[in-house]
Amino acid sequence: MANVMRDFFIGLSNNRFLNTQAKKWGFSLGADKFVAGTTVESVMEAVKELNHQGISCTLDNLGEFVSDKTEAGEAKDKIIRLLNTIHEENVDCHLSVKLTQLGLDIDQAYCTENMREILDIARQYNIFVNIDMEDYSHYDQTLEVLQALRKDYDNVGTVIQSYLYRAEEDMENLKNVRLRIVKGAYKESEEVAYPEKQDIDRNFLELAKQRLAGDTFTSIGTHDHHIINELKAFADEHNIDHDKFEFQMLYGFRNDMQNKLANEGYNFCTYIPFGDDWFGYFMRRLAERPQNMTLVLKDTFYTEDNKLKKGPIAAGGAVAATSAIALWCVKAKRDRKKDNE
Ligand SMILES: Cc1cc2nc3c(=O)[nH]c(=O)nc-3n(C[C@H](O)[C@H](O)[C@H](O)COP(=O)(O)OP(=O)(O)OC[C@H]3O[C@@H](n4cnc5c(N)ncnc54)[C@H](O)[C@@H]3O)c2cc1C
């Protein structure tokens, strides 16, 4: 059942129609638990609050499925405005970007040029920019863009996903590059990715330990306390300097643990998504952890004193729920047809 739910929400995250509709519904469905508003101003509020608690941040201007240059150009301009604001406000934060938002699906050279414009400004301000890793269909292109950029910029890095069989080899090729290690959030085929959670977790630990034993800065992106505790013990045992790594978690997840790690003297960084293109990101979070759904449903349909909400938010929720059920039925029907073929 957990796998069915996971596939279902990942399917929704990739649905272009729902992604577009969600922008029209506005910010709803309880997404504000995991997304820090839609504007640069709202995200700055969140950054300042976290910085005050000794936590640094990485900002993600949400956006996927960009297929025309106007939209990609607007995304680039917004990211540059964000860099200017980070500099002016003198906050402790860097950026995370997705190449498909900057035109990777339109033209790789165009996307690389957009990244160059961003990195030129970021370098002036001494700000690091991390390229998030998307699904496997964009994997090779992402590494190619990164390699091209690394020839001229050292303020750029990327992400290694421990579910991929080739993760260790790619990590080795990027040993001088700042990296974030994660498990991987997309549905990938068994031809390229471990299907079993225990293999993904084991690989995560191996990759992270190799990086901690090396010389280049590493971000450990997980909410998994088993992994965090084992890596803390590994770092103690091998006298690994805390300045060689940081833990990262997503905004709105395990806030107590985020504070605890920062208070224990570990570098801690919160990944904060913001913007009106929140649907795909939000559905992937529901796919990872069905418990998130309970939080969301309560938030969407009930007021704080447990009364059923009226108006656009509940209407938005109803539209989403209905669309979700309709899509689920279509998918189930298609899968049944495939099984019978
Ligand atoms: C900062 C950051 C950046 C990321 N960037 C990318 C990226 O660029 N590309 C990509 O593909 N993926 C990215 N991801 C997503 C990542 O790949 C995983 O899909 C996601 O983090 C879920 O895996 P997990 O290790 O956090 O824990 P899981 O494997 O989901 O959970 C393991 C265990 O941890 C505990 N746990 C987890 N979450 C909670 C919670 N909320 N409350 C209580 N207990 C919990 C539970 O005991 C659970 O069984 C990123 C994740 C983070 C944190």
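## Overall architecture

The protein chain contains 13 helices and eight strands, where helices (H or I, at least four residues) and strands (E, at least two) are DSSP runs numbered from the N terminus. This is a predicted model, in which local features need pLDDT of at least 70 and side-chain atom pairs count only at pLDDT 80 or more, while totals for chains, interfaces and linings use all residues. Residues are numbered from 1 along each chain as its sequence is written.

Of the 341 residues of the protein chain, 36% are buried, a residue being buried if 20 or more other C-beta atoms lie within 10 Å of its own, exposed if 12 or fewer, and partly exposed in between, with C-beta atoms placed from the backbone. Among contacts in the protein chain with a separation of 6 or more, 71% involve residues 24 or more positions apart. Two residues are in contact if their C-beta atoms, placed from the backbone, lie within 7 Å.

## The barrel

Eight strands form a closed barrel in the order β1-β2-β3-β4-β5-β6-β7-β8, with parallel pairing; two strands pair if DSSP finds at least two bridges between them. On average, neighbouring strands of this sheet are turned by 30° against each other, direction ignored. Angles otherwise run from 0 to 180 degrees between N-to-C directions, and axes are lines fitted to C-alpha atoms, for helices over the stretch in contact.

Strand β1 (residues 56-61) and strand β8 (residues 268-274) run parallel and are joined by six bridges. In β8, C269 stands opposite S56, and Y271 stands opposite T58. Helix α6 (residues 139-150) packs on the sheet, where it touches β3 (129-131) and β4, and its direction makes about 150° with that of β4. Helix α8 (residues 197-213) also packs on the sheet, touching β4, β5 (179-182), β6 (218-221) and β7; the direction of α8 makes about 155° with that of β5.

The buried residues of α11 are F279, G280, Y281, F282, M283, R285, L286 and A287.

## Packing of α4 and α5

The axes of helix α4 (residues 69-89) and helix α5 (residues 108-124) come within 10 Å and cross at roughly 5°. The two helices α4 and α5 are therefore roughly parallel to each other, a class that covers angles under 35 degrees, with over 145 counting as roughly antiparallel, 65 to 115 as roughly perpendicular and the rest as oblique.

From α4, the contact involves A72, K76, I79, I80 and L83, and from α5 N114, E117, I118, I121 and A122. These contact residues comprise seven nonpolar, one polar and two charged. Ala, Val, Leu, Ile, Met, Phe, Trp, Tyr, Cys and Pro count as nonpolar, Asp, Glu, Lys and Arg as charged, and the others, Gly among them, as polar.

## The ligand shell

The ligand is surrounded by 21 residues, of which D132, V182, G221, T222 and H223 are the closest. A residue is near a molecule or strand if its C-beta atom, placed from the backbone, lies within 6 Å of it.

At least two residues of this shell come from each of β4 (156-161) and β7 (245-250). Strand β7 provides the largest share, three residues. By class, the shell has nine nonpolar, six polar and six charged residues.
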